[in-house]
There are 2 protein chains.
Amino acid sequence: MAKRKIDVCLTPDLLHLYEFKDRIVVVVDILRATSCMTTAFAHGVKEIIPVAELEECRKLKEQGFIAAAERNGSKVEGFELDNSPFSYMNPKLKGKSIAVTTTNGTLAISKSKESVAVVIGSFLNISALANFLKSQPQNVLILCAGWKGKFNLEDSLFAGALTEALKDDFDSECDSPLAAQYLYNYVKTDIVNFLQKSSHVKRLKRLGIEKDIEFCLTSDQYEVIPFLKGDKLIKMESNFTYNQVGA
Amino acid sequence: MAKRKIDVCLTPDLLHLYEFKDRIVVVVDILRATSCMTTAFAHGVKEIIPVAELEECRKLKEQGFIAAAERNGSKVEGFELDNSPFSYMNPKLKGKSIAVTTTNGTLAISKSKESVAVVIGSFLNISALANFLKSQPQNVLILCAGWKGKFNLEDSLFAGALTEALKDDFDSECDSPLAAQYLYNYVKTDIVNFLQKSSHVKRLKRLGIEKDIEFCLTSDQYEVIPFLKGDKLIKMESNFTYNQVGA
C-alpha cells in the first residue's frame, strides 16, 4: 500500500482547517472520555451514544438509557455514571446502552461526524488501533479533544504515540504530528511523571483521581476499537474492513 | 516582583480563547515577518505599519510608503520589498517608513491590538525581549503566527525558548507553554537541523532561501525591541517602562 498521510488537529477549535473527506478520524480524550469508552466496550457494553449537550443526555436518560454526564471533571448530579474508567468495569453494564456527555470528548465526536469514519483512541487500545489503521487505505486525522478549545498535553502525547506507531506507513502532513511525535519520544519512558505538570492532571488531582490518571496512561490493556455507526458507538468486530465503517 | 503568568497561543485561530487585558502580547512569525521587523529596526528603519490586507498595503504605497508584501512565501508583484531579513539591511531604508503585509505575521498583529501592549519577538532579539519582559509587572501571552491558522514548529520553538528564558519569573498558565518549552529544550542544540523536517521550512527551501532560514534561527543578533504605538511599530528606547507601551 502507498504511504498515507497523517495529521493532528490539536483542538476541536481548529477543526475548520482540516480535511475530513476520505479520512478516518481518531477522536482522543485521554482524561477521560475515550479511555472510558474503550474500557466500557472491553467490559461488554453494547453501545454508547455520545451527545454534546447535557440536555440531550438527560432526555436519553428519560428514555431508559444509562446516562453518564461529566462537566469540568466531576459527575453531574442526577446521572448514574461518572467519567472514571473503573466505573465502566461494572458487570451490570454488560449488554447495556449508555448515553454519554463529557466536557470535551463528545463534542469532538459530534464535530467530526462529517468524516467517513470515526474511531475512538486511547492508550488503552493504541496497538489494536494502530494495526487497524495500518490495514486501511485511508489517510488519518487524529482529533484531540483538548481542554475547552485549548491544546492539552495528554491528548497531544497520545497523538504523538500513534504517529510514532504509524510512521512506516504514514507521512506527517503538517507540523503538528511532528511536534507531537517529538514530545512523545522525549517523554515516553515516563509519561505519568511528565504529565504531573500538565494543567488537566493538576485539575484532576484536586478531584482525587490519581488512579484514573495512571490507568488512562497505560498502553494496550484492551484490543477493542469503538467506532461510530450512525449516531452510536459500537465495538468493531475482527476482520472489519474500512468500507463498513460509518455505514 | 511576584511571579507572573505566561501563556502561548499556538495559532491566531485560537485567539478567542485567550485573555488580552493586562497582558503584553509577543507576536512571533519567525519565518520571516517578525525576524524582518527586528532586522529593519536594528538597521535604522523609522517605523513599520503592519497591515493585514494586500489592498491596504497598496494604498499606503500610493501614499509614498515603501511597501513590502509577501503571500505564500514570495514577494507580491508591484511591491518594492520582499520578506527576507537581508532586504532590510539596506542603508537606503534608514529613517524610512515601511508598510508591510505578510501571510501570517501582520494578521497576528492586527488581531492582538486589543491587548495593552504588543511587542515583536524573534530569535534575533530574544534576550533583549526576555530582559524587557522580566522588568515589567504584566503577564505575557506569546502569539504564534502559525501557518494559515495551523500550528507551526518554528514559532512554537521560539515560544518555548522564550518560556525557558522567563521560567524564573513566570509560571506556565496552561499546557501550551509547557509543551513548547519541552520541545525547545529537546532540540535547542540543533534547531536548524531539527527544523529541516518542518512543513514551512520545506516550503521555503523550494523558494531557495536557506540563508534566510539560518539567519532567522540565530539568537541575539540585535538588542532592538519593536513595539506597537497606535497603528505603527516603532523601536523601543532604553529605559522604556510598561506604562508607555501602547500609549
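## A buried threonine in a loop

Thr102(A) lies in the loop that runs between β6 (97-101) and α3 (105-111) of chain A. The model described here is a predicted one. With a relative accessibility of 3%, Thr102(A) counts as buried, because buried means under 20% relative accessible area. Setting aside neighbours within four places in sequence, Thr102(A) is in contact with Asp29(A), Ala33(A), Glu70(A), Arg71(A) and Asn83(A).

## A buried asparagine in another loop

Asn125(A) belongs to the loop between β7 (117-121) and α4 (126-135) of chain A. Its relative accessibility is 0%, and Asn125(A) therefore counts as buried.

When residues up to four places away in sequence are not counted, Asn125(A) touches Thr38(A), Ile120(A), Asp220(A), Tyr222(A), Val224(A), Ile225(A) and Pro226(A).

## Nonpolar cores

The largest nonpolar core contains 98 residues. Within this core, the residues with the most contacts are Val26(A), Leu162(A), Val26(B) and Leu162(B). Leu162(A) touches Val26(A), Ile126(A), Leu129(A), Ala130(A), Leu133(A) and Ile142(A), residues up to four places away in sequence not being counted.

Two packed helices are described by the angle between their axes and the distance between the axes. In chain A, helix α5 (residues 153-165) packs with helix α6 (residues 175-187) at an angle of about 95°, and their axes are 7 Å apart. Angles of 65 to 115 degrees count as roughly perpendicular, and α5(A) and α6(A) are therefore roughly perpendicular to each other.

On the side of α5(A), the contact is made by Leu153(A), Ser156(A), Leu157(A), Ala159(A), Gly160(A), Ala161(A), Thr163(A) and Glu164(A). On the side of α6(A), Pro177(A), Ala180(A), Gln181(A), Leu183(A), Tyr184(A), Asn185(A) and Val187(A) take part. The residues of this contact divide into nine nonpolar, five polar and one charged.

## Relation between the two chains

Two copies of a chain are related by a rotation about an axis and a shift along it. Chain A is superposed on chain B by a rotation of 180° with 0.0 Å of shift along its axis, at an RMSD of 0.0 Å. The two copies are thus related as by a two-fold rotation axis.

Leu183(A), which is one of the α6(A) residues in the contact with α5(A), comes closest to the rotation axis of the residues of chain A, with its C-alpha at 3.2 Å. Of the interface residues of chain A, 100% are also interface residues in chain B, so the copies meet through the same surface.

Methods
Residues numbered from 1 in each chain as written. Chains lettered and ligands numbered in written order. Predicted model: local features only at pLDDT ≥ 70, side-chain atom pairs only at ≥ 80, totals over all residues. Heavy atoms only, no water. Axes fitted to C-alpha atoms, helices over the stretch in contact; angles between N-to-C directions. Helix = DSSP H or I, 4+ residues; strand = E, 2+ residues; numbered from the N terminus. Parallel < 35°, antiparallel > 145°, perpendicular 65-115°, else oblique. Contact = heavy atoms within 4.5 Å. Nonpolar A, V, L, I, M, F, W, Y, C, P; charged D, E, K, R; others polar. Buried < 20%, exposed > 50% of the residue type's maximum accessible area, 1.4 Å probe, protein only. Least-squares fit on C-alpha atoms with pLDDT ≥ 70 in both. Core = buried A, V, L, I, M, F, W, Y, C linked by side-chain atoms within 4.5 Å.
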